[in-house]
Amino acid sequence: MTKPSRRRFFAAGAGTLIGLPLLMRGLGLGAQKSTRTTDSISQESYEWKMATTWPPGFPVLGEGASYLAELIEHASGGRIRIKVYGAGELVPALGCFDAVRTGAIEMGSGASYYWAGKMPASQLFATVPFGMNAQQMTSWIISGGGYELWRELYAEVGLVPFLGGNTGVQMGGWFTKEINTIDDLKGLKMRMPGLGGKVLQKAGGTAVLLSGGEIYTGLERGIIDATEWIGPYHDYTMGFHEIAKYYYTPGWHEPGTAMEFFVNKEVYDALPMDLQSILEACCHQVHMWILSEFEAQNSHYLNLLLQEGVELRQFPEEVLDVLRVHATAVMDELTASDEASDRIYASYQDFHNRIRGWSRKTEGLYHSLLQESPEQAG
Ligand code: CA
């Protein structure tokens, strides 16, 4: 499977023993492994249960959880076998946090903003309105100190988190009327959870909480005027385009939402070191697969939606400028009310302030100057 040339490269690198401790420190893993070695590989095997927040077989995210279980089983030679449960099959969707924390089951799959009610700071490891995109978020977590803060926060509740995918920039949502000025958001009833919903409220809108299964009917019956969901692939399967005419971009409220896998900390700490490494490596493979899958599917389904007559609109800059000011106020309120959020958001912002200049001068310019097709460029 691995090309011989690459295998040789890694074998040569491992022989130096210089890079590895640095890498492990970067991932926040070095400290807790001192007593474990791979001198004699334990043949002990483990049967785990993973509960997810996703409906059974949910495209990309549910599939990613199943893919992870398969990868870990193969990579560990069958020493870890994980049975994956969709939302409601073992515990309710949001019940997996407590089920894993208490040790009732070993592993969960979700997004850290689902636990904001229990740990407000957790949502900073998912997404922040007008915050970092997928590439920047991954960089902060793996190389910018995010993992250390995330592990520290989750250790307090008995969990170990791993990056488990990213949606990329989400879409701004489906609207039954055009949004031309900030006043068009006043009185607007929109399904928008989390920090984005708080920003919408500040702009005079009403954030309505509806679960995935309730959105279509809510939109159809006028309980809501608008909804956000994820991106073209998932939105298409939900059929929102049958009801709402205008599809807005970009998803300022979720510019790159990170997903997570989490393991009970006692269970993780008791694993032999090779299995701990396999677990992390497989989570990161699935992280990359999920982001890649979102990008590939969303680009295909956006074209499909456009072919079916959906009107794609861009939020006016004036609207985004006002929302950005409200987002700053929402983040100020969060950090003023919670010490952990204050500390973690300082790291997030510091990294974002640094990397956004780099991104703008490279990726940003590349996209604006060189990424357009010849037809679009005209
Ligand atoms: Ca969303």
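Is E311 buried, exposed or partly exposed? E311 is partly exposed, with a relative accessible area of 25%; here buried means under 20% relative accessible area, exposed over 50%, and partly exposed in between (1.4 Å probe, protein chains only). The views below come from a predicted model, in which local features need pLDDT of at least 70, side-chain atom pairs count only at pLDDT 80 or more, and totals for chains, interfaces and linings use all residues. Residues are numbered from 1 along each chain as its sequence is written, and side-chain values use heavy atoms, with hydrogens and water left out.

**View 1. E311 and K245 meet in a salt bridge.** Their side chains come to 3.6 Å, N to O, where a salt bridge is a side-chain nitrogen of Lys or Arg within 4 Å of a carboxyl oxygen of Asp or Glu. This pair links distant parts of the chain, 66 residues apart: E311 sits in strand 11 (residues 311–314), and K245 in the loop between helix 9 (232–238) and strand 9 (246–249). Helices (H or I, at least four residues) and strands (E, at least two) are DSSP runs, numbered from the N terminus. K245 is partly exposed, at 44% relative accessibility. Look around the pair for E178 and R313, which are linked with K245 and E311 in a network of salt bridges.

**View 2. E280 forms a salt bridge with R151.** The closest N and O atoms are 3.7 Å apart. Because E280 lies in helix 11 and R151 in helix 6 (residues 146–155), the pair ties together parts that are 129 residues apart in sequence. E280 counts as buried at 8% relative accessibility, and R151 counts as buried at 9%. A search of the whole structure finds 14 salt bridges.

**View 3. D183 and K186 meet through their side chains.** The N to O distance in this salt bridge is 2.7 Å. D183 is partly exposed, with 48% relative accessible area.

**View 4. A calcium ion has protein donors from Q170, E228, W229 and E254.** The donor atoms are Q170 (OE1), E228 (OE), E228 (OE), W229 (O) and E254 (OE), and they lie 2.1 to 3.0 Å from the ion. Donors are N, O and S atoms within 2.8 Å of the metal (3.2 Å for Na, K and Ca); water is not among the atoms, so sites may look incomplete. E228 is buried, with a relative accessible area of 1%, and W229 is buried at 14%.

**View 5. M107 and W140 have the most contacts inside the largest nonpolar core.** This core has 102 residues; a nonpolar core is a set of buried Ala, Val, Leu, Ile, Met, Phe, Trp, Tyr and Cys residues joined through side-chain atoms within 4.5 Å. Helix 11 (residues 273–307) gives the largest share of the core, ten residues. Beyond neighbours within four places in sequence, M107 is in contact (heavy atoms within 4.5 Å) with residues including W48, L68, I82, F261, L279 and C283.

**View 6. Y268 is found in helix 10 (residues 265–269).** Y268 counts as buried, at 0% relative accessibility. The C-alpha atoms of Y268 and V160 are separated by 7.4 Å, although these residues are 108 residues apart along the chain.
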